[in-house]
Amino acid sequence: MTPRGVLRLLGSLRTGACALLLALGMLPAPAARAQDCGSADPIVIPTHTWASQAVMSHVVGQLFEKIGCNVRYISEDSQAVYEAVRLGDAALQVEVWQGLSGAAFAAARAKGGIVEAGEHAAVGREEWWYPAHVARLCPGLPDWKALEKCSEIFARPDSGGKGVFVDGPPEWLHDYRRIEALEMNFTTVHTGGAAALWEELETAVKNKTPIVMFNWSPNFTDALYRGRFVEFPAFHAKCRRDAKWGVNPKATHDCGNPPGARLKKAAWAGMPKKWPAAHRMLRRVSFTARQIGVMAALVDVHAMDPPRAAARWLARNEKVWRPWMPKPPAPPAPPAPPAE
Ligand code: TMO
């Protein structure tokens, strides 16, 4: 059984006990009212197709509800979302990745209407990746030149002898010029979404077959698979615009992804005025890599849906989120001493 399979089984045995915890975590908070939120209009929170973002969205939404805000969730494309937030059709995006969304966020910011609402503690990395057993199948990893030498073991019946790089959906807008720029004997196969990526991973781990795939950290895979990112020639901004830079003097994109940046939060510029308490709370929200990995695991390993996973996370992590809540109003000042 794969690590994910084992954990799923243990998880189902614990479900009874957990239902109780969950119920405790969901006891109604003392009467928060919509006027405390600034507006009774729902705060629209967009969710994406990978687990940590969906769970984090519900964690933040359930915190907003604790202070009396109304919340509505929509599922939204991870590129189009920045335009939606800019126009106020969605209020925020809780987990902005540099690689996936850096360009779309910057473009929307340049037009105005969307602002950064601070960073998480976690640094995100997005890159080609392989689970531990692949290191034995392809000596010399994580160096990309070793991967290139082993390309044939990653071939599939329909890949014409080329190694297959298993990627996420086209929506993630990955740049494949790197494969050509580094003259790699690889081709890309898209999966329909994150869940399909994990199915590919699990199959390869169970059968000990080679796989190289897109992955990111923080993720549930950090704790479960002891994988590594492939080390490509180090990123440099010039790599993307200056052909002469880098290992291939005739091509741009002859380097890896940026080494990583803090994950950010984005907000509609009208949010501070319309929902001031929620906006202040959003600014204070900051998750560590470990916390984000756990959120992903609740869905991808323990098969919970994101709202339940969020309720569970909140029930177990009050110490983390309590300091983000609005401070209770100061007690009334003691009466002044009577005048002489
Ligand atoms: C999280 N994602 C990093 C899909 O690009």
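On a 1 Å grid over the protein atoms alone, a cavity is a set of points where a 1.4 Å probe fits but cannot get out; lining residues have an atom within 4 Å of a point. Points are joined across faces, edges and corners, and a volume is the space filled by probe spheres set on them. By this rule the count comes to 1 cavity of 30 Å³ or more.

This is a predicted model: local features need pLDDT of at least 70, side-chain atom pairs count only at pLDDT 80 or more, and totals for chains, interfaces and linings use all residues. Numbering runs from 1 along each chain as its sequence is written, and side-chain values use heavy atoms, without hydrogens and water.

The largest cavity holds about 80 Å³ of space. The ligand sits there (more than half of its atoms lie within 2 Å of the grid points). Domain 1 (34–124 + 260–324) and domain 2 (126–240) both give residues to the lining, so the largest cavity lies between them. Domain bounds come from an automatic or database assignment.

A polar side-chain atom of Glu126 lies 3.3 Å from a ligand oxygen atom. Taken alone, the ligand exposes 200 Å², and the protein buries 100% of that (Shrake-Rupley method, 1.4 Å probe).

How values were computed. Polar contact = N/O pair within 3.5 Å; in protein donor to acceptor, adjacent residues only side chain to side chain. 1 Å grid on protein atoms, 1.4 Å probe; cavity = no way out; pocket = protein on both sides within 12 Å on 5 of 7 lines; lining within 4 Å.
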